[in-house]
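Please examine the sequence and the three-dimensional structure shown here before reading on.

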Amino acid sequence: MAMPTTTRALFRNSLRSESTPLFKFMLFFFLLSVVLGHETVEVEHYPLVVSTWPFVEAVRAAWKAADGGSTAVDSVVEGCSACEELRCDGTVGPGGSPDENGETTIDALVMDGVTMEVGAVGAMRYVKDGIKAARLVMQHTEHTLLVGEKASAFAISMGLPGPTNLSSSESIEKWATWKANKCQPNFWKNVLPENSCGPYRPKSYLEHTNEKCMKTFGMQTTDLSFRDLGLWIHDTISMAVIDRMGRIAVGTSTNGATFKIPGRVGDGPIVGSSAYANQEVGACCATGDGDIMMRFLPCYQVVESMRLGMEPKLAAKDAIARIARKFPDFMGAVVAVNKKGKHAGACHGWTFQYSVRSPGMKDVEIFTVLP
């Protein structure tokens with residue numbers, strides 16, 4: 001190892017008096033640099049994979065790709081694709097979370113934290129590969145978000161398999177049971193139904209209708225809620241990857257809220273809400289009640305808070321607290337990770353878990369966050 005010129009001169013001069021403190025210090029410094037091979041030693045942080053929930057196989061897939069040299073974007077796609085194929089918790093990929101018509105649709109997003117490019121699809125029908133469709137939007141269009149059947153047509157035209165029926169026997173059975181319960185609970189508010197499952201009209205439109213209609217409405221009142229039945233909680237996979245080169249990307253995939261009103265798009269494909277990445281700062285992943293969370297862009301908030309100097313833990317807690325002050329009954333969580341690989345989570349309304357794989361771990365590790 002070559003010694004810097006100034007250091008070499010000081011070391012040579014100090015040889016004239018081997019008993020001087022300067023000589024002893026310089027000798028120690030020289031020997032240490034020889035042993036370490038560099039004047040400063042950095043701990044290996046990358047690659048790093050962080051994901052909402054204990055979606056262990058998805059994290060393993062992303063880690064394998066990143067550890068093998070794939071880019072952060074490609075690794076995120078690998079991880080979220082694995083979750084879609086496994087139909088994680090029935091809330092990711094095809095076969096889960098039927099809407100009011102019994103159909104499953106897909107929301108997904110991918111973001112490159114280096115270029116700040118984003119591709120996303122919302123309420124996509126007939127195509128099961130949500131995260132791959134999102135990447136195609138990013139790669140082959142100047143747009144950020146495509147939705148509905150037109151998103152499906154685009155994805156198929158770009159080579160993804162389809163059209164495919166995204167429902168499953170499980171999702172159809174869940175939907176049939178809900179229909180038998182007179183379509184309760186649901187996401188409607190301030191409406192009156194014309195029959196047990198709609199169509200619905202604003203109260204102002206029907207408040208002077210005949211007695212028969214009002215009796216019909218009275219039969220539909222219920223104290224049931226999605227919180228009581230555990231149906232509204234939809235576990236989006238939101239994943240962040242820092243690859244071997246230190247590049248950051250995020251991705252999400254979900255089939256949305258169970259029994260959602262057809263056409264609903266959650267926070268999964270909304271950049272800054274479900275996920276956000278910035279190469280200069282770090283990344284954030286989110287999950288929970290997307291209809292509430294997207295109003296606050298919690299992941300954008302987390303990353304900007306870290307930009308201003310907040311540690312990941314404080315940034316995550318601050319973002320969740322902003323939502324809880326306005327909506328104390330909401331359920332949600334975020335995971336913050338800075339560009340150095342330090343991570344932390346915060347949640348409200350439930351106990352949250354997230355998954356991590358880093359070079360210092362033998363396998364994926366699960367972290368539990370209490371509300």
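The paragraphs below treat the disulfides, a helix pair, and a sheet with its covering helices.

This is a predicted model, in which local features need pLDDT of at least 70 and side-chain atom pairs count only at pLDDT 80 or more, while totals for chains, interfaces and linings use all residues. Residues are numbered from 1 along each chain as its sequence is written, and side-chain values use heavy atoms, with hydrogens and water left out.

The disulfides come first. The structure holds three of them, a disulfide being a pair of cysteine sulfur atoms within 2.5 Å. With bonded cysteines counted along the chain, the pattern is 1-2, 3-4, 5-6. Cys 83 is joined to Cys 88 with an S to S distance of 2.2 Å, and this link is left-handed, at -130 degrees about the S-S bond. Cys 83 has a relative accessibility of 0% and therefore counts as buried, the term meaning under 20% relative accessible area, with exposed meaning over 50% and partly exposed the range in between (1.4 Å probe, protein chains only). Cys 88 is buried as well, with a relative accessible area of 9%.

The link between Cys 183 and Cys 197 has an S to S distance of 1.8 Å and is right-handed, with 95 degrees about the S-S bond. Cys 183 lies in the loop between helix H7 (169-180) and strand S5 (191-193), and Cys 197 in the loop between S5 and strand S6 (200-202), so the pair ties together parts that are 14 residues apart in sequence. Helices (H or I, at least four residues) and strands (E, at least two) are DSSP runs, numbered from the N terminus. Cys 183 is buried, at 2% relative accessible area, whereas Cys 197, at 23%, counts as partly exposed.

Cys 284 and Cys 299 form a further disulfide, with an S to S distance of 2.3 Å. The link is left-handed, at -60 degrees about the S-S bond. Because Cys 284 lies in strand S10 and Cys 299 in helix H12, the pair ties together parts that are 15 residues apart in sequence. Both Cys 284 and Cys 299 are buried. Cys 285 is buried, at 1% relative accessibility.

The helix pair can be considered next. Two packed helices are described by the angle between their axes and the distance between the axes. The axes of helix H4 (residues 72-86) and helix H5 (residues 130-140) come within 8 Å and cross at roughly 150 degrees. Axes are lines fitted to C-alpha atoms, for helices over the stretch in contact, and angles run from 0 to 180 degrees between N-to-C directions. H4 and H5 are therefore roughly antiparallel to each other; angles under 35 degrees count as roughly parallel, over 145 as roughly antiparallel, 65 to 115 as roughly perpendicular and the rest as oblique.

Four strands form an open sheet in the order S9-S10-S11-S12, with antiparallel pairing; two strands pair if DSSP finds at least two bridges between them. Strand S9 (275-278) and strand S12 (343-348) are the edge strands, each pairing on one side only. From one strand to the next, the twist averages 10 degrees. Strand S10 (residues 282-288) and strand S11 (residues 332-338) pair over seven bridges in the antiparallel sense, and Val 335 in S11 is the bridge partner of Cys 285.

Two helices lie across this sheet. Helix H12 (residues 298-307) lies across S9, S10 and S11, running at about 150 degrees to S10. Helix H13 (residues 312-326) lies across S11 and S12, at about 20 degrees to S12. Asp 318 is found in helix H13 and counts as buried, at 18% relative accessibility. Asp 318 touches Gln 301, Ser 305 and Met 310, not counting residues up to four places away in sequence.

In the loop between H13 and S11 is Phe 330, which is buried at 2% relative accessible area.

Terms used. Contact = heavy atoms within 4.5 Å.
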